[in-house]
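The following report describes one protein structure for a reader who is new to it. Please view the sequence and the structure together before reading on.

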Amino acid sequence: MPHRGDCTRCEREVQVLRPWQGYKVLRVVWYATLPVFVIFAPVFAADACFLTPLALLILIGGGPLGRAARAPSTCRRCGAVMPETRPAPPRP
């Protein structure tokens, strides 16, 4: 559903580009995997050829995931940050 907001730069009501809300869920899932890595650390150390690089890739992936989860909504026309958005009214 598109969202609308009042852009201060455009000085009008515009459509807002919102980041995908699933990033927040994925970030929680990523945090939930961290204890699994601690518990299975001996297994990762034993299989240094495959599991250790895989674990490092998953751990490094948390940085971009967190950045995407915290991305603000922006104006579709000029790209300004939009602090508040509201759902667009339904079309008649």
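Valine 36 counts as partly exposed because its relative accessibility is 40%; the class lies between buried, under 20% relative accessible area, and exposed, over 50%, with a 1.4 Å probe and protein chains only. This valine is placed in helix α1, which spans residues 22-39. Helices (H or I, at least four residues) and strands (E, at least two) are DSSP runs, numbered from the N terminus.

Together with Ile39, Phe40 and Val43, Val36 makes a nonpolar surface patch of about 370 Å². Patches consist of residues with over 30% relative accessible area and no salt bridge, where like charges are joined within 9 Å and nonpolar side chains (Val, Leu, Ile, Met, Phe, Trp, Tyr) within 5 Å. A salt bridge is a side-chain nitrogen of Lys or Arg within 4 Å of a carboxyl oxygen of Asp or Glu.

## Basis of the model

The model is predicted: local features need pLDDT of at least 70 and side-chain atom pairs count only at pLDDT 80 or more, while totals for chains, interfaces and linings use all residues. Residues are numbered from 1 along each chain as its sequence is written, and side-chain values use heavy atoms, leaving out hydrogens and water.

## Overall architecture

The protein has 4 helices and 4 strands, arranged along the sequence in the pattern β-β-α-α-α-α-β-β. Of its 92 residues, 23% are buried. The protein exposes about 6,900 Å², with carbon and sulfur atoms supplying 66% of this area; accessible areas come from the Shrake-Rupley method with a 1.4 Å probe, and for residues only the protein chains shown count as cover.

Among contacts (heavy atoms within 4.5 Å) between residues at least 6 apart in sequence, 64% join residues at least 24 apart. Glutamate 13 lies in strand β2, residues 12-17, and is partly exposed, with a relative accessible area of 38%.

## Cysteines

How many disulfides does the structure hold? The structure holds 0 disulfides, a disulfide being a pair of cysteine sulfur atoms within 2.5 Å. The sulfur of cysteine 10 has its closest cysteine sulfur in cysteine 78, at 3.6 Å, which is too far for a bond. Cysteine 75 is likewise in no disulfide, and the nearest cysteine sulfur, that of cysteine 78, is 3.7 Å away.

Cysteine 10 is partly exposed at 22% relative accessibility, whereas cysteine 75 is buried, with a relative accessible area of 2%.
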